[in-house]
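Subject: Handover of a structure and the findings on it

Dear colleague,

Please find below the structure that I am handing over to you.

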Amino acid sequence: MKQYKAYLIDLDGTVYFGKNRIPTAEQFIKKLLAADIPLLFMTNNATKSPQEVADNLVTNYDLPVTAEHCYTSALALIDYLNAHHSDARVHVVGEPSLVNLIKEAGYTIDQTNQADVVVQALNRQATYESLAMAAQAIRNGAAFLVTNTDRSIPTENGMMPSSGALTAFLQYTTRVEPVVMGKPYRPILDGCLNRLGLNVEDVLMIGDNYETDIRVGLDAGMDTLLVLTGVTTAADVSNFPVAPTYVLNNLSEWELGE
């Protein structure tokens with residue numbers, strides 16, 4: 001097995017599955033930390049801040065990580081705003097952690113139809129009226145940015161509609177294609193590589209979902225490792241149009257070099 005300078009690691013389905021632990025993944029991450037090998041958790045979830053993501057990993061999975069180990073689609077969004085819309089008034093369709101992150105980055109929140117940018121993520125309190133106002137802002141010329149287009153999110157009540165369902169609502173009524181930050185799209189990967197200061201050939205992308213985790217790596221020309229602990233199953237592997245670099249049952253099968 002090739003040895004890499006750093007690892008990008010998906011969370012749900014790779015490090016844990018819903019609220020169930022995956023001990024082989026926890027052991028692998030602890031080995032990376034003990035060997036001082038850089039890692040970043042790359043997640044599409046924009047409903048939690050990096051600190052909240054890290055707190056969950058520390059408290060519920062006994063992983064000694066910090067917010068600096070976590071890169072979310074919300075952080076990719078902030079980096080994109082800084083690069084392309086640095087003085088924008090931002091209309092947010094999202095939950096409080098995303099609103100706070102945008103405020104902390106120095107942006108003015110404008111929940112009218114005159115905003116410069118509409119940012120959309122999962123918002124479990126969204127109403128018809130709030131989505132209609134966002135749609136009006138887009139029709140009036142606001143840029144349309146989306147954290148992720150995940151179809152579903154795992155909860156204690158089963159799989160529930162996720163950010164992509166709200167994206168479809170806004171996209172259908174405005175006929176405007178959004179710029180998407182999360183996997184399988186490139187902005188979240190570029191943000192992770194910039195934070196690591198490395199190139200695609202130096203890093204291995206690890207995940208359980210072929211359509212998001214593996215696709216973002218394949219499309220960028222980087223090596224990928226599919227673990228069969230989550231969404232994608234062994235039966236799916238033979239149907240892939242392009243195979244991942246590695247396919248393992250779990251992360252106990254990956255060997256780190258000396």
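The side chains of Glu-95 and Arg-124 form a salt bridge, with 2.8 Å from N to O. A salt bridge here is a side-chain nitrogen of Lys or Arg within 4 Å of a carboxyl oxygen of Asp or Glu. This pair links distant parts of the chain, 29 residues apart: Glu-95 is in the loop between β6 and α4, and Arg-124 is in the loop between β8 and α5 (128-139). Helices (H or I, at least four residues) and strands (E, at least two) are DSSP runs, numbered from the N terminus. Glu-95 is buried, with a relative accessible area of 8%. Buried means under 20% relative accessible area, exposed means over 50%, and partly exposed lies in between (1.4 Å probe, protein chains only).

Please note that this is a predicted model: local features need pLDDT of at least 70, side-chain atom pairs count only at pLDDT 80 or more, and totals for chains, interfaces and linings use all residues. Residues are numbered from 1 along each chain as its sequence is written, and side-chain values use heavy atoms, with hydrogens and water left out.

**Further salt bridges**

The whole structure holds 11 salt bridges. In one of them, Asp-116 meets Arg-89 at 3.2 Å, N to O. Asp-116 lies in the loop between β7 and β8 and Arg-89 in strand β6, so this pair ties together parts that are 27 residues apart in sequence. Asp-116 is partly exposed, at 33% relative accessible area, and Arg-89 is partly exposed as well, at 31%.

Another salt bridge joins Asp-213 and Lys-183 (2.8 Å, N to O). Here, too, distant parts of the chain are linked, 30 residues apart: Asp-213 belongs to helix α8, and Lys-183 to the loop between β12 and α7. Asp-213 counts as buried at 1% relative accessibility, and Lys-183 is buried at 3%. Salt bridges that share partners join Asp-10, Lys-183 and Asp-213 into one network.

Asp-208 lies in the loop between β13 (203-207) and α8 (210-220). Apart from residues up to four places away in sequence, Asp-208 touches several residues, including Asp-10, Asp-12 and Asp-213; contact means heavy atoms within 4.5 Å.

Two strands pair if DSSP finds at least two bridges between them.

On its other pairing, β1 is joined by 3 bridges to strand β4 (residues 39-43), running parallel, and Ile-9 stands opposite Phe-41 in β4. Both faces of β1 (residues 6-9) are covered: Ala-6 and Leu-8 on one side, and Tyr-7 and Ile-9 on the other, are all buried. In a regular strand the side chains alternate between the two faces of the sheet.

Another open sheet has 5 strands, in the order β7-β6-β8-β9-β12, again with parallel pairing. Its edge strands are β7 (108-109) and β12 (179-180), each of which pairs on one side only. Strands β6 (residues 89-93) and β8 (residues 117-120) pair over 4 bridges, and His-91 stands opposite Val-118 in β8.

**The nonpolar cores**

A nonpolar core is a set of buried Ala, Val, Leu, Ile, Met, Phe, Trp, Tyr and Cys residues joined through side-chain atoms within 4.5 Å. The largest core has 37 residues, and Leu-8, Leu-77, Leu-98, Ile-102, Val-119, Leu-145 and Leu-189 touch the most other members. Helix α3 (residues 73-84) gives the largest share of this core, 7 residues. A second, separate core of 29 residues includes Leu-39, Phe-41, Leu-225 and Tyr-246.

Yours sincerely
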